[in-house]
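Hi,

Here is the structure I promised to pass on. Have a look at it first, and my notes follow below.

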Amino acid sequence: MADTVLYEVSDGLATITLNRPEAMNALNVEAKVALREAVRSAADDAAVRAVLLTAAGDRAFCVGQDLKEHIGLLAEDRETGSRRTMNTVREHYNPIVRALAEAAKPVVAAVNGVAAGAGFGFALAADYRIVADTAAFNTSFAGVALTADSGISWTLPRVIGPGRAADLLLFPRSISAQEAYELGIANRLVSAGELRAEAEKVARALAEGPTVAYAALKEAVAYGLSHSLEETLEKEEELQTRAGSSEDHAIAVQAFVNKEKPKYLGR
């Protein structure tokens, strides 16, 4: 796997690190391919019970598309009459967001710096966002005459409401970490020096938790956002039956009776 993205699995936790700090972790083609393969590997690996998405350096989580590379690719498209450059949404961004959002395990994003464009979208695709007090967010798209991608037109209104989302998409600006916390974009706000340790602590706790139940919770919330109450109640019944049949549920009940801390198996 390309060193633009680092991938490591330890004790059920997959850590994916965007690794272009000299470019503020901007997404060139190499990085997008590597990130896509990393998140797919984490999502598909039964031994992985939680995912931590983070980035190298202290300036940026990810500033989105590498515009220096993008300019050259657009020029090639004009010369050849093709539109290959914009295929990156279908080939890279969409699969990355789907793998993060649909993974049957919790995904934690540790946002260490600027998260803009697709970087903002990837953070929103995670289930839980721990944000350094020095971080910032920006939708960015309209600022370069583009529309939203990386799922942000779906995730952002669901996190902060459609009115606020429209404001941030139509009038891109830098959102401070404090404002992101107040808006609900950040689930937890910590000092920059504490970010990595806190994020690993949270992600490892999730990796040791009831994985089947977590997967069901993710599915239930996503389903409920676009279905009626009656449909959602039926989905809850289906998912509760699945969770209740898991080994982890039996372990949890026995541990409760014994007044012990449960040791989950993730199945």
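**Notes on the two sheets**

L53 has A109 in β5 as its bridge partner. That pair belongs to the parallel pairing of β3 (residues 50–55) with β5 (residues 107–111), which runs over 3 bridges. For the terms: strands (E, at least two residues) and helices (H or I, at least four) are DSSP runs numbered from the N terminus, and two strands pair if DSSP finds at least two bridges between them.

Before you go further, please note that this is a predicted model, where local features need pLDDT of at least 70, side-chain atom pairs count only at pLDDT 80 or more, and totals for chains, interfaces and linings use all residues. Residues are numbered from 1 along each chain as its sequence is written, and side-chain values use heavy atoms, with hydrogens and water left out.

β3 and β5 sit in an open, mixed sheet of 6 strands, ordered β1-β2-β3-β5-β7-β10. Its edge strands, β1 (5–10) and β10 (188–190), each pair on one side only. Helix α1 (residues 29–44) lies across β1, β2 (13–18) and β3, at about 15° to β1. Angles run from 0 to 180 degrees between N-to-C directions of axes, which are lines fitted to C-alpha atoms, for helices over the stretch in contact; contact means heavy atoms within 4.5 Å.

The other open sheet is also mixed, with 4 strands in the order β4-β6-β8-β9. β4 (60–62) and β9 (175–176) each have a single partner strand, so one side of each lacks a neighbour in the sheet. β9 pairs with β8 (residues 136–138) in the antiparallel sense over 2 bridges, and A136 stands opposite S176.

Best wishes
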